[in-house]
Amino acid sequence: MGKFVVTTRKNGDFQFVLKATNGQVILSSQGYSTKANCLNGVESVKKNSQIEDRFEIKEAKDGSPFFNLKSSNGQIIGSSQMYSSERSMKEGIASVMKNAPEAEVVEELEQ
C-alpha cells in the first residue's frame with residue numbers, strides 16, 4: 001500500500017509526497033503554510049485521484065511528459081515527476097489512482 005509522507009520545507013512550509021508501494025514518489029504537493037492545510041490537500045488527492053478527468057497531462061519544455069492532479073475548482077493539488085515516455089506517465093497516473101485512496105499518512109516533521 002502506498003503512503004503520503006508529510007514533511008516540512010526549509011522555509012517552514014508543509015508539503016506531502018505520495019509514495020507507491022515500492023517507495024517511489026509518484027505525486028508531490030506544493031507548499032502549505034499550515035499542517036492542517038497540508039492534510040486537507042492529502043484528503044483532496046484521495047478524493048480527486050479517482051476522477052480521471054482531474055489528471056491534466058502536460059509536457060515540459062524538453063518534451064518530457066508529466067501530469068498535474070487538479071481539484072474540482074481547477075487548483076493543482078499535486079504534480080508528478082518528469083517521465084521519459086507517455087506510456088510511463090500513464091502508468092504513473094494509474095499508480096496514483098490505485099495508491100492514493102487507501103494510503104496511510106505518515107508525518108516526518110523536523111522538531
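User: Is Ser-80 buried or exposed, and what is its relative accessible area?

Analyst: Buried means under 20% relative accessible area, exposed means over 50%, and partly exposed lies in between, with a 1.4 Å probe and protein chains only. Ser-80 is buried, because its relative accessible area is 11%. This is a predicted model, in which local features need pLDDT of at least 70 and side-chain atom pairs count only at pLDDT 80 or more, while totals for chains, interfaces and linings use all residues. Residues are numbered from 1 along each chain as its sequence is written, and side-chain values use heavy atoms, with hydrogens and water left out.

User: Where is Ser-80 found, and which residues does Ser-80 touch?

Analyst: A contact means heavy atoms within 4.5 Å. Ser-80 lies in the loop between β6 (76–79) and α2 (86–99). Leaving aside residues up to four places away in sequence, Ser-80 touches Ile-26, Leu-27, Phe-66 and Phe-67.

User: How many helices and strands does the protein chain have, and what pattern do they follow along the sequence?

Analyst: Helices (H or I, at least four residues) and strands (E, at least two) are DSSP runs, numbered from the N terminus. The protein chain has two helices and seven strands, arranged along the sequence as β-β-β-α-β-β-β-α-β.

User: How do β1, β2 and β3 pair?

Analyst: Two strands pair if DSSP finds at least two bridges between them. Strand β1 (residues 3–8) runs antiparallel to β2, with six bridges joining them. Three bridges join β2 to strand β3 (residues 25–28), again antiparallel. Val-17 of β2 stands opposite Val-5, and the bridge partner of Val-17 in β3 is Ser-28. Strand β2 (residues 14–19) is mostly covered, since five of its six residues are buried.

User: Which glycines take a positive phi in the hairpins of β2?

Analyst: In the hairpin of β1 and β2, with five residues between the strands, Gly-12 has a positive phi near 95°. In the hairpin of β2 and β3, also with five residues between the strands, Gly-23 in the turn has a positive phi of about 90°.

User: What joins β4 to β5, and which residue in the turn has a positive phi?

Analyst: Five bridges join β4 to strand β5 (residues 65–70), and the two run antiparallel. Glu-56 has Asn-68 as its bridge partner in β5. The two strands form a hairpin with five residues between them, and Gly-63 in the turn has a positive phi of about 95°. Gly-63 counts as partly exposed because its relative accessibility is 34%. Gly-63 and Tyr-83 are 20 residues apart in sequence and 9.5 Å apart in space, C-alpha to C-alpha.

User: Why does the radius of gyration of the protein chain agree with that of a compact globule?

Analyst: The radius of gyration is taken over C-alpha atoms, and the globule rule is 2.2 Å times the number of residues to the power 0.38. For 111 residues a compact globule would have a radius near 13 Å, and the protein chain has 13 Å, so the two agree. The C-alpha trace spans about 40 × 30 × 30 Å along its principal axes. Of the 111 residues, 40% count as buried.
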